[in-house]
Amino acid sequence: MRGIHARTMLLSRVYRHFFCFRMHHHRVSQLFQPLTVIPKDATLKKEETTSLSQKLMVNCGILSSRSNGMYAFLPLGQRALTKLTKVIDEEMASVNAQRLSLPLLTPGQLWKITGRWESTGQELLKVKDRHEKDYVLSPTHEEAIVNFIADIYPFSHRHLPLRLYQITSKIRDEMKPRFGLLRCKEFLMKDLYTFDVSEEAAVSTYMEICKAYDRVFQRIGVPFIKVEGDCGNIGGSFSHEYHYPAAIGEDTLLLCQKCGTATNAELLSDSSHTCSGCGEHLTKTMGIEVGHTFCLGTKYSKPLNCCYQNEKGKPSLMQMGCYGLGVSRILAAAVEVLSQGEQIRWPWILAPYKVCIISPKKGSKEAKAVSWVDHLAQVISNIPSLQDDVIIDDRETLTIGKRVLEAKKTGYPIIIVVGKKACELVPLFEVIDMIKESTENLTQRQVLEYLREYVKHCST
Ligand SMILES: [Zn+2]
């Protein structure tokens, strides 16, 4: 008797769990996605120069412009950001980098010691507290982290190499914010700082981190160019930049088609348009800078006296590197490069939801097919890498056509329509593939095969 009771309990628990899980699908009717409807006769107030990505992301309720050069990430945008952050965290873990968070405010005194209080210019946003103490709203954290590590002395050579990074908001007082997230006042950046015992070890760290950055960009899947960079205000001995080639980009890149050398034009004098390696004529491309790596040497450890204790017990200066990724900028730049016309295109790995299922319209002939919708969402969610990536457009007072149009604009890579053909003897579902730009009518089994194949090729 007890046995039977226990089994009934177990069954009902399993059933309840299954039932709750079924109910948990994401639904467009519940989504906070305020769409911007621009009246046809509207005269637009032009506060800042716009870009395609900004226009699309604001109109589709992914971003909201809250003030000149400042943006709110709405739930869909936040999901894309979280996915990008996950890719970065995974690649950082693979090179033993550890994540932390430093305060947004850095004492101005530290920036005065390195000379950047003056040299950064008006882009550096300075503030005073009630005690008249100077601070900067940090655009980067070399001073802050070097000061922190210097405080830990004696720091044994046995703890090196050390790799620390953060993914936090940074502030820059842009004179003319433009192109949405591509050039704004507050942005999300990933900044990594490395500490090594010698120049040789620092260079080997540099190579290893650059490979991890290559992997981040390869996984995002948008074509990128890596060039020799300008050390600029960060300084150091050498640097590399990662760019997405785009007409709207603000950097001029010079590429050699013969030997593959690529350089930021800032590094070359106006006259040199031939490759220093092979003499070939260089071709010009505009690029959006999305990452920058620097081999710093002792540029910051020296003025801030950041040392480790060497084998003889003596203090020795840290050899450093710093590595930035424009996280919010990568998102916008990827959308900028991939999108066309009125529709957003996300890299597969960053799409806020990968599959959108559109239910039949209430009161229509195909309305009885509605029972397929949750079932499809359930079986698709059972594919491991699509677990939390299905959304149902259940706004059944709207026509299927209108909802397909919105789903295309929002950029869901796969749209599945449960319509007329789902009522046939062998139910068929319309699969609109926005990446391959194709439409097919498939059975449930074929839909699952299609998606499994997709995941195999696209998920890395
Ligand atoms: Zn060349």
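A: Donors, the word we need to begin with, are N, O and S atoms within 2.8 Å of the metal (3.2 Å for Na, K and Ca), and because water is not among the atoms, sites may look incomplete. This is a predicted model, in which local features need pLDDT of at least 70 and side-chain atom pairs count only at pLDDT 80 or more, while totals for chains, interfaces and linings use all residues. Residues are numbered from 1 along each chain as its sequence is written, and side-chain values use heavy atoms, with hydrogens and water left out.

The part to look at closely is the zinc site. The zinc ion has as its protein donors Cys256 (SG), Cys259 (SG), Cys275 (SG) and Cys278 (SG), which lie 2.2 to 2.4 Å from it. Along the sequence these donor residues follow the spacing C-x2-C-x15-C-x2-C. Why is the arrangement called tetrahedral? The 4 donor atoms around the zinc ion subtend angles of 101 to 119 degrees, and four donors count as tetrahedral if all angles lie between 85 and 135 degrees (four count as square planar and six as octahedral if opposite donors are over 155 degrees apart and all others between 65 and 115, and anything else is irregular). For comparison, ideal angles at a metal are 109.5 degrees for four tetrahedral donors, and 90 or 180 degrees for six octahedral ones.

Buried means under 20% relative accessible area, exposed means over 50%, and partly exposed lies in between, using a 1.4 Å probe and protein chains only. Cysteine 275 counts as buried because its relative accessibility is 5%, whereas cysteine 278, at 31%, counts as partly exposed.

A disulfide is a pair of cysteine sulfur atoms within 2.5 Å, and a search of the whole structure finds 0 of them. For cysteine 307 the closest cysteine sulfur is in cysteine 306, at 6.9 Å, so the two are too far apart for a bond. Cysteine 307 counts as buried at 10% relative accessibility, and cysteine 295 does so at 5%.

With a relative accessible area of 1%, asparagine 264 is buried. Contact means heavy atoms within 4.5 Å, and, once neighbours within four places in sequence are left aside, asparagine 264 is in contact with Val227, Glu228, Glu241, His243, Asp251, Thr252 and Leu253.

Rings of Phe, Tyr and Trp (its six-membered ring) pair if their centres lie within 6.5 Å, and planes under 30 degrees apart count as stacked, over 60 as edge-to-face and the rest as tilted. The structure holds 12 aromatic pairs. One of them, phenylalanine 217 with phenylalanine 224, is tilted, at 5.4 Å centre to centre and 40 degrees between the planes. Phenylalanine 217 is buried, with a relative accessible area of 0%, while phenylalanine 224 is partly exposed at 25%. Tryptophan 348 and tyrosine 454 form a tilted pair too, at 4.9 Å centre to centre and 35 degrees between the planes. This pair links distant parts of the chain, since tryptophan 348 is in the loop between helix 8 (327–338) and strand 18, and tyrosine 454 is in helix 11 (residues 444–458), 106 residues apart. Both tryptophan 348 and tyrosine 454 are buried.

Finally, here is the wider setting. The protein has 11 helices and 22 strands, and 49% of its 460 residues count as buried. Along the principal axes, its C-alpha trace spans about 80 × 70 × 55 Å. Among contacts between residues at least 6 apart in sequence, 69% join residues at least 24 apart.

Notes
Helices (H or I, at least four residues) and strands (E, at least two) are DSSP runs, numbered from the N terminus.
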